[in-house]
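Reader: Could you walk me through this structure, one question at a time?

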Amino acid sequence: MNELIVKNGFVFDPLQGIKGDRMDIGIKDGKFVETSALGNPKVIDAAGKTVMAGGVDIHSHVVGPKVNVGRLFRPEDKLFKSPLKRGNRMEMGFSVPSTFKTGYDYARMGYVFVNEAAMPPLHSPHVHEEIRDTPIIDNAAMPVFGNNWFTLEYLKNNEIENNAAYTAWLLRATRGFAIKVVNPGGTEAWGWGLNCESIHDPVPYFDITPAKIVTGLIETNEHLGLPHSVHLHCNNLGNPGNYTDTLDSLKLAEGYTAKNNFGREQVLHITHIQFDSYGGDSWRTFESKAEEIMDYVNAHDNITVDIGQVTLDETTTMTADGPFEHSLRGLNNLKWANTDVELETAAGVVPYVYSPNIRVCTIQWAVGLELALFAKDPMRTFISTDHPNAGPFFRYPRVIKWLMSREARDTTMKTFKWLERTIDATSIDGIDRELTLYEIAQMTRAGPAKALGISNTYGGLVPGMDANVAIYALNPEDMPSDPEMIEKAFSQCAYLIKDGVVAVQNGEVVAEPAKRTVWVDVKVPDNAQVQRDIYEHFLRHYSVGVENYKLFDEHVHNPRAIEVDATQ
Amino acid sequence: MVKKIENVGCPFCGVCCDDLVVTVSDDGKKILEVENACVIGSTVFHRAMSERHTLPRLRQPDGTYKEISYDEAIDYAARVLHNAKKPLIYGFGSTNCEGMAAAAKVAEKAGAVIDNCASICHGSSFLAIFDNGYPSCTLGEVKNRADVIVYWGANPAHAHPRHMSRYSIFPRGFFTGKGHTGRKIVVIDPRHTDTAQMADIHLQVKQGHDYDLFNAFRTVARGHDIPAEVAGVKREDIIEVVDIMKKARFGTIFYGMGLCHSDGRNHNVDIAISLTRDLNDFTKWTIMAMRGHYNITGPGVVWSWQYGFPYCLDLTKRDIAHMNPGETSSVDLAMREEVDAFFNVGTDAAAHFPIEPVKRLRKHPWITVDPHPNMATEISDLHIPVGIVGVEVPGIVYRMDNVPVQYRNVIDPPEGVPSDEELFERIYERLCELEAEDAAKAPAKAVPEGIRAGE
């Protein structure tokens, strides 16, 4: 009998509304139980420490082909930047760590679930091979739909049911988790070296607008009742003055409400919204429009966002937004990798240095923090760095420090070369808000888990849920005066318990409990039309056969299927 | 009743055809017919049943081979790795990714150098990619969109027999309904190859002067003047081809060993990538290496996610991986006599390496892991036969465009013969046992405390 009790910690569990009460948490056979159900448990003393559920990351590029291109083509990302081996396997890389380092580092921060942000469906076997080699953390992966030819054709003709049947088929074929949309239409246009710069810019040949792709996918998602909502990377990302396009994208969700059995309330998740919240008409006049964006988000309950915080590191940008990476290449003139994927998507990879000496970078830094600090509902605003685009994921503790401490923000801002111009272009200097541990728990566990539709398993400490607990050496009644201690505590958790097994102790990995692949299995009515379309496209246009495209069962590592019945 | 197995992947070249139909006998033991494959591909299947060994063979003092059990062979292999100061594990062009991942685990445990055939093939492409990136696409994109195809220093008519019909010149794709009549084909090669025979334009570049010609292309593309003749090609011809390239809707440069192994090497590939970058200011262009074996792309992919480097990985420091081709590449290590044990896995180093490094490697234990006898097995100390990937063992392989393809098996391996993955997992276990025995015998070695590198 595997029993544990976490005693006397200050517990923060937003799913149950527990705000730092001193409580005991019972664990039996990998699940939370009432402490009264325990016989003779092993005791973990959490007195004077903060106890939260295991962290949940809603958006991070950790496994798959473009991540691996980032690893492959940047040997310099390893040189003098990799720690010496401490655990079972070597841990190589900085901005794009190896799979082993990824798993270990997430565990050290107290995270247990990471949602891979973009899976090109054709490459799904690759994604699942890397998931197998990413230890400890559970993974899900979102296939990209926003430039998929099937999707474009169905939605152009308003065939939501057909699109839903295709979506269900693709989620099964790739063991995918949710509908990811990256620069809808624009990435298909990139097949010809073009782009869709606004949501009303029609896609070449397919003659459908990005706006219609997004609304069609929202309808598809709610028709199926998937756990997660449409997960959108907006058009015109990363450019000065794009906040109006972002507001246009946000408005597409108006009038839709969530229909699902997973407790999810939003119909649209906008990811790394920091990159979408810019004013000005050129890099010279570049400024923050975080307040305008968050005013809209705060007023609309059917939207969630993650921030995509710039961490001021040298990093590697990678996105399915092919045209964006091409324009970034023009901006910094560094090496550029690109892969267009037949019928589905594209991806680009370019190294990038976010320097405190560059005005645009420090404004971007401020924008991300403003978004989180202007948030009225931390259950709808999540911490991310769009790893590795705005910075590596292991900087989350630093982001938390900035959000929890005005002093930490001021210390960082003092290093800026263009401090005054950064302050002029943003409102960061006028914000005194410091987030609480409860709000951090909302932004890093409870909120993302709810938005992903997995809050019955992850993100909380409710009896019956998976026993994932992170314990941090922070006493909420006696918070350290030095903000650096906050970063340290969140970087190296005192304990991580994953599925009832102590995986990390004092910031070191001590065990590697089995990890899972989480995917969504949707049942839909038989659809002969869609079956015929799939047959035709694979016969004529794909370069692999459909029977080899669908992931073989043997290549899915330790699967956990979330079942959805959409036959009614 | 014979059984027809469809959607079979072909374990020969980097084209990774996955449309083979293989007929096997009633008892599932014999391959009777292979449809859709080229002649080389079909030979791989037919050859599966001949020249096979079902037990490992150990070299005897009199020079002959004697069959031993797999347990004995695994023990021998583990001991060789355990006792060597700097073993080299090389090959992997012809096995699956599962085997590569397991071999890397062994290499990390043993403190070995692990390298793949790119080391003597497209390794120079990696060097260029490190410097300049890689604007590429999947082969289906070429089929559906490309109206201009350039083969530069490549001869797919012989090396990748179905490349032109499946992906590049002939197929009718979504936006390319006219097939080859809607495409312009340019072949740049010093020889008039059978591929050049297919071309609309063949530029006969002077051997070893590819870099000059690329330079001329870039100069013309940017609107500058060039001399009357560059690299043996006339100015008008260069201007004509550059004009075709700039007016393409979607173009792809396929390049082969003619670039990465003639004078200039990685610099040739580097400037090819620069040309592709330049052309993207006008229209859409992509570039792709014509990778040779069906899964030689695999080790670059697998070891990148495991260690961050595609080839020439020095894991001998045991706590950090290091890559520096020239220093940690197989042939150079062999020439400097730095390695004291050699594993040849899923390739034939005896046939592919220059003779000098082979001689020097041969001074130390040499173990070959391969389904068939080849030149390497004939000079090995130990030959461990394994199942043939794509014929007897399923698994994931990576096509030349980095697309993963799931391979099947059509027959079972001979009884008792493991896959590469099983073999390396068993060597790993034995290696762990040997380490534990050592640790029990001797006082514990002082292991330096792990420290975090300064960030």
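Reader: Which residues of helix 8 of chain B are buried?
Author: This is a predicted model, in which local features need pLDDT of at least 70, side-chain atom pairs count only at pLDDT 80 or more, and totals for chains, interfaces and linings use all residues. Residues are numbered from 1 along each chain as its sequence is written, with chains lettered from A and ligands numbered from 1 in the order in which they are written. A residue is buried if 20 or more other C-beta atoms, placed from the backbone, lie within 10 Å of its own, and helices (H or I, at least four residues) and strands (E, at least two) are DSSP runs, numbered from the N terminus. In helix 8 of chain B, the buried ones are B:D210, B:Y211, B:L213, B:F214, B:A216, B:F217 and B:V220.

Reader: What covers the buried residues of helix 8 of chain B?
Author: Here contact between two residues means that their C-beta atoms, placed from the backbone, lie within 7 Å. The cover includes strand 12 (229-230), strand 13 (233-234), helix 9 (235-247), helix 10 (257-260) and helix 11 (266-279) of chain B.

Reader: How many Å does helix 8 of chain B reach from its first C-alpha to its last?
Author: Helix 8 of chain B covers residues 210-221, twelve residues. The expected span is 1.5 Å times one less than the number of residues, and 16 Å is expected for this helix. Its reach is close to that, at 16 Å.

Reader: Which residue takes a positive phi just after helix 8 of chain B?
Author: The phi there is about 90°. The residue is B:G223.

Reader: Which residues touch the most other members of the largest nonpolar core?
Author: A nonpolar core is a set of buried Ala, Val, Leu, Ile, Met, Phe, Trp, Tyr and Cys residues joined through C-beta atoms within 7 Å. The largest one has 331 residues, and those touching the most other members are B:A77, B:Y255, B:A272 and B:L313.

Reader: And which helix gives the most to this core?
Author: The top contribution is ten residues. They come from chain A, from residues 359-374, which form helix 11.

Reader: How many residues of chain A are in contact with chain B?
Author: On the chain B side, 57 residues take part. Their partners in chain A number 51.

Key
Buried ≥ 20, exposed ≤ 12 C-beta atoms within 10 Å, placed from the backbone.
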